[in-house]
Amino acid sequence: MTIQQLLRPFKVWGAATALLVLSGCASVYLVDNEVQSFARWADQAGKPGTPVTIPQAPQIYRFERLPSQREGKIATGQDELERLAQQALVKVGWTRAAEGTASPWLVQVDASTLRLPRAPWESPYDGYWGGYWGGGFGPGFGYAMPGRDYVVTGRRQIIWMPMYPRMESPYYKREVSLVIRHAASGKVVYETRAAHDGRWNSTNGLWSAMLDAALRDFPAPPEGPRQVNIEVPR
């Protein structure tokens, strides 16, 4: 038996392992969130000095909306956002009340997206040529100024290169928030926010991950901002 024949099973095993690792890495993406939550359950009765009563699951609630969330396309988007929030709240033992049924809690959910043309750390002058050519090779050689649409030759001539447009990838800053009120007193008893920056497109999976992150450690969260990372299947 030749050496090649002896090594063939190991090559096959190595290729299969590499394929498995690569497929596993490509099956999920990470949504990293900065989360901050505020619990004020003692305020639900509206009286100073009231003992802290943290509601234990199961609980029921109903959604409430601002006037701006009740009309047109915004209302349609709010329907979808509340559906995703409902799924996230079920995971912590809170169930949406049936239509016309009274509930002790009111939940308001909101989301926002800011689209930037590029990441905050990227220069607006970074383009196709940026980083590809160096300078100073003597007569007959040229160099490209990083991010510019022209090339300077070794004889100091400027050649415009408009056929190579600057490549930009949009960058998104997103945030979701949930506010819980005690229905009888109207007091805000819980507030939480999750913020995520990145290049991922808007999907239900991404927003669900942000809502899950916002509700991490509910109903007794730690103080101060914290990092909550959620893996989302592709």
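This is a predicted model: local features need pLDDT of at least 70, side-chain atom pairs count only at pLDDT 80 or more; totals for chains, interfaces and linings use all residues.
The chain contains 3 helices and 10 strands. Read from the N terminus, the order of these elements is α-β-β-α-β-β-β-β-β-β-β-α-β. Of its 234 residues, 30% count as buried. Contacts between residues at least 6 apart in sequence are joined, in 69% of cases, by residues at least 24 apart.

The interior may be considered next. In soluble globular proteins, nonpolar side chains tend to be buried together. Here the largest nonpolar core comprises 33 residues, and W94, I180 and L211 have the most contacts inside it. Two or more residues come from each of strand 1, strand 2, helix 2, strand 4, strand 8 (171–182), strand 9 (188–198), helix 3 and strand 10 (226–233). Helix 3 gives the most to this core, namely 7 residues. The surroundings of I180 can be listed in detail: leaving aside neighbours within four places in sequence, I180 is in contact with W94, W105, L106, V107, K187, V188, V189, Y190 and F218.

Helix 2 covers residues 72–90, which amounts to 19 residues. From its first C-alpha to its last, helix 2 reaches 28 Å, close to the 27 Å expected at 1.5 Å a residue. The buried residues of this helix are A75, Q78, L81, E82, L84, A85, A88 and L89. An α-helix has 3.6 residues a turn, so residues three or four places apart point the same way. Among the elements that cover the buried residues of helix 2 are strand 2 (59–63), strand 3 (94–96), strand 4 (105–116) and helix 3 (204–214).

One of the buried residues of helix 2, E82, also belongs to the lining of the largest pocket. This pocket has a volume of about 160 Å³. Its lining consists of R62, F63, R65, E82, R96, A97, A98, E99, G100 and T101. By class, these lining residues divide into 3 nonpolar, 2 polar and 5 charged.

Why does R40 count as partly exposed? Its relative accessibility is 45%, and the partly exposed class lies between under 20% for buried and over 50% for exposed, so R40 falls into that class. Leaving aside neighbours within four places in sequence, R40 is in contact with V188 and V189, and both of these valines are also in contact with I180. The C-alpha atoms of R40 and I180 are separated by 9.9 Å, although the two residues are 140 residues apart along the chain.

Methods:
Residues are numbered from 1 along each chain as its sequence is written. Side-chain values use heavy atoms; hydrogens and water are left out. Helices (H or I, at least four residues) and strands (E, at least two) are DSSP runs, numbered from the N terminus. The expected span of a helix is 1.5 Å times one less than its number of residues. Buried means under 20% relative accessible area, exposed over 50%, partly exposed in between (1.4 Å probe, protein chains only). Contact means heavy atoms within 4.5 Å. On a 1 Å grid over the protein atoms alone, a cavity is a set of points where a 1.4 Å probe fits but cannot get out, and a pocket is an open set with protein on both sides within 12 Å along at least five of seven lines; lining residues have an atom within 4 Å of a point. Grid points are joined across faces, edges and corners, and a volume is the space filled by probe spheres set on the points. Ala, Val, Leu, Ile, Met, Phe, Trp, Tyr, Cys and Pro count as nonpolar, Asp, Glu, Lys and Arg as charged, and the others, Gly among them, as polar. A nonpolar core is a set of buried Ala, Val, Leu, Ile, Met, Phe, Trp, Tyr and Cys residues joined through side-chain atoms within 4.5 Å.
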